[in-house]
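Hi,

Here is the structure I promised to pass on.

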Amino acid sequence: QTSYHRVMSLSRLRCTVSRLGARARLAHTQAPKPSEKPAEKPAAAQQESYWISVAPERPFSELTVAEKVVETSKDVGSIGVILAGLGLAGVFLGGLAMELFSSESPEKIQKTAVTKVQQDMRVSDLTGGEVRLPTKPGQIRYSEYRVGATDYLRMEFMVRGNIREGKVKLEMKRPVDKSQPYRYRYLIVDVGSERVVLEDNRHEDATDRAGATPATA
């Protein structure tokens with residue numbers, strides 16, 4: 001019986017040793033090897049947050065003398081740019097307004113000439129009724145030039161009545177120094193082969209227009 005117990009004890013001891021050896025081998029195979037790299041984290045897990053620290057702006061009274069000079073220079077420069085832009089805009093708008101509303105602008109000269117033509121019954125008879133500008137007036141054809149001490153403006157445009165059309169031709173002059181306004185050198189209306197002379201003062205400027213030929217139709 002003693003031998004039996006010894007044999008059983010040895011068998012149990014062997015089984016225990018076998019189980020411990022198996023557990024040790026299993027733990028060794030599951031442990032990560034030193035040479036293996038750990039699995040990379042997903043891209044979302046690798047993102048990091050960055051915070052930028054911005055110092056609060058100091059009051060002007062706390063700035064040094066050099067910093068105050070720099071800040072003042074920036075403000076003065078910005079104001080100067082704004083004033084320069086406003087000045088240029090004012091000059092442009094002023095010139096545009098003078099051109100549009102001046103009594104000597106091409107548009108005003110045309111309007112005055114149309115009024116004179118409408119008041120002449122000879123033109124009304126030739127065109128067949130009330131004289132007016134076309135429904136869709138074309139661009140005003142005019143040119144400016146200078147001869148000696150005199151500036152000249154020459155213009156042509158169309159008018160129409162109930163039956164026929166006519167072509168208005170005019171030329172105006174004034175001193176170069178603009179001491180006097182424009183005045184007609186001539187104002188003519190051609191309707192077909194008929195010509196109506198409303199004004200013709202070309203004989204007055206024979207001296208300052210020596211050698212220059214007026215526009216003819």
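**K178 and the rest**

With a relative accessibility of 54%, K178 counts as exposed (that label needs over 50% relative accessible area, buried means under 20%, and partly exposed is in between, with a 1.4 Å probe and protein chains only). Before going on, note that this is a predicted model, where local features need pLDDT of at least 70, side-chain atom pairs count only at pLDDT 80 or more, and totals for chains, interfaces and linings use all residues. Residues are numbered from 1 along each chain as its sequence is written, and side-chain values use heavy atoms, leaving out hydrogens and water.

Back to K178: its phi is positive, about 60°, although K178 is not a glycine. Most residues other than glycine have a negative phi. K178 sits in the loop between β3 (165-175) and β4; strands here are DSSP runs of E with at least two residues, helices are runs of H or I with at least four, and both are numbered from the N terminus.

Now the sheet. Five strands make an open, antiparallel sheet in the order β1-β2-β3-β4-β5 (two strands pair if DSSP finds at least two bridges between them). β1 (141-147) and β5 (194-200) are the edges, each with a single partner strand, so one side of each has no neighbour in the sheet. β1 is joined to β2 (residues 150-160) by seven bridges, and R141 has E156 as its bridge partner in β2. These two strands form a hairpin with two residues between them, and G148 in the turn has a positive phi of about 60°.

Y152 is buried at 0% relative accessibility, whereas Y145 is partly exposed at 24%.

Finally, helix α3 (residues 65-101) contains L83, which counts as exposed at 54% relative accessibility.

Cheers
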